[in-house]
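Look at the sequence and the model together before reading on.

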Amino acid sequence: MSRFSRRGFLRAGLSAPVILSAAGAESDSGSVDLSLEARQDWLQVGGRFGYLYSFDGKIPGPVINAKSGDEVRIAFRNRLPEATNLHFHGLQIPSTGNADNVALRIPSGQSINYQFTIPRDHPSGTFWYHPHLHGSAARQVSRGLAGVFVIRNDGDLIPEIEMAPEATLVLQDFSIDNAGRPFEPNLMERMQGREGPLVTVSGQENPEFFVQQDGWLRLRILNASSSRFYRLRLEEHPMYVVAVDGGFLNAPDVRDEILLTPGERVEVMVKGERPPGEYRLLSLSYNRGVFGMMGSAQQRGAFSLARVRYDGRVESPWDLPSRLATVVRLPEPSVRRVFQLGQGMGMGMGMMGGGMTFTINGRVFDERRVDVRAAFGAIEQWEFLNPTGMDHPMHIHTNPFQVLDSTGTPVPAWKDTVLVRSGSRLAVRTAFREHLGLRMFHCHILDHEDLGMMGTIDVA
Ligand SMILES: [Cu+2]
């Protein structure tokens with residue numbers, strides 16, 4: 001049992017944790033109001049200057065801190081030299097109107113007011129926002145456009161976690177030349193999924209974070225890179241995973257390594273349980289496959305992403321509770337579908353005169369075509385088959401899902417992005433219980449999405 005009562009914890013005024021990240025927009029009296037500008041600027045990132053894209057001149061963009069039930073209003077202005085839009089990744093909000101509607105296209109110089117309500121029963125979690133204009137997503141995200149969107153719901157907060165200082169780690173990679181100009185990948189690099197050699201954590205190269213001896217540090221980690229995978233390991237420290245994409249796990253999952261694919265988030269508790277010192281958060285090498293027979297994926301060896309340094313000591317150490325949340329397994333589905341991921345020759349969007357494309361069930365994305373017609377409230381099971389030579393992390397908008405384990409049983413945790421490894425199959429179960437209308441599902445290697453690996457779902 002927890003030795004902190006939730007009410008006592010909230011009464012004691014401990015509900016405002018120490019936040020180690022740049023301030024952004026805060027929830028205030030039931031709403032979050034902010035203005036947000038996408039622009040092109042000379043900016044410092046990882047100790048270099050680059051002519052990059054940003055939200056409000058910040059890489060990553062400002063953190064939006066909302067509460068469940070909040071009305072969110074974002075006065076968005078596009079000052080990029082090209083059209084863009086916003087996707088609110090993982091949020092269970094409408095995918096239509098001026099909400100999480102990726103069919104919107106905001107031309108250069110134009111503005112729009114995004115407006116939506118976070119459902120009252122929306123779980124706490126680490127979500128994010130980024131452009132999602134088909135054909136441009138990889139370029140725009142890889143030039144810096146990404147920001148964290150945190151939701152707190154008083155109903156599921158865990159005092160032992162909230163008491164810990166927290167930091168957001170946004171993992172991004174950039175391709176800029178010696179003059180600081182971003183360079184575009186060639187066709188083969190797009191097929192592979194672009195990776196930039198400059199890797200930053202919340203805009204810094206190898207930053208440091210602090211943990212107190214016998215204390216805890218909460219890390220909200222987001223992979224906002226367009227293609228790069230991160231295999232994370234913290235030297236000499238187990239990582240206590242307490243939340244994944246869509247909220248808290250039922251119990252802490254103690255891990256030596258975490259593979260984080262583009263779009264995925266994980267919340268990790270680190271305990272100051274080793275001799276005081278400095279420990280590296282490593283990114284280990286990972287082979288996500290190669291495109292066709294051409295070349296091989298450029299693999300970088302292990303390197304330090306960030307450092308965790310001991311500083312001070314807590315007076316009264318505490319433990320994490322063994323029980324965090326109550327995620328119930330989804331029941332048997334009424335509909336089953338199979339999606340085969342593929343690559344082939346064809347006429348994809350943005351492909352002059354044809355070229356290689358990425359497909360789902362043999363088809364490239366077409367916004368005028370409905371690929372899945374789902375009944376509101378239905379529970380469906382989707383199986384992804386990946387016979388290609390590359391890994392594809394698949395993302396479904398709006399409604400989260402549960403991944404099936406090797407015995408076909410749903411793992412009780414809410415995900416919205418999951419890796420379907422090369423040469424494997426993987427099933428997820430979802431419930432279309434939140435919103436009506438059109439939304440997308442796609443590979444979150446954004447070059448693959450731009451080259452066609454996306455489909456539409458209409459919930460009616
Ligand atoms: Cu892919």
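The model is predicted, so local features need pLDDT of at least 70 and side-chain atom pairs count only at pLDDT 80 or more, while totals for chains, interfaces and linings use all residues. Residues are numbered from 1 along each chain as its sequence is written, and side-chain values use heavy atoms, with hydrogens and water left out.

Start with His130, which is found in strand β8, residues 125-130. Strands here are DSSP runs of E with at least two residues, numbered from the N terminus. His130 is buried, with a relative accessible area of 0%; buried means under 20% relative accessible area, with a 1.4 Å probe and protein chains only. Leaving aside neighbours within four places in sequence, the contacts of His130 (heavy atoms within 4.5 Å) include His87, His89 and His444.

Now turn to the copper ion. Its protein donors are His392 (ND1), Cys443 (SG) and His448 (ND1), at 2.0 to 2.1 Å. Donors are N, O and S atoms within 2.8 Å of the metal (3.2 Å for Na, K and Ca); water is not among the atoms, so sites may look incomplete. In sequence the spacing of the donor residues is H-x50-C-x4-H. Both Cys443 and His448 are buried.

Two strands pair if DSSP finds at least two bridges between them. Gly437 stands opposite Val459 in β30.

How values were computed:
Helices (H or I, at least four residues) and strands (E, at least two) are DSSP runs, numbered from the N terminus. Buried means under 20% relative accessible area, exposed over 50%, partly exposed in between (1.4 Å probe, protein chains only).
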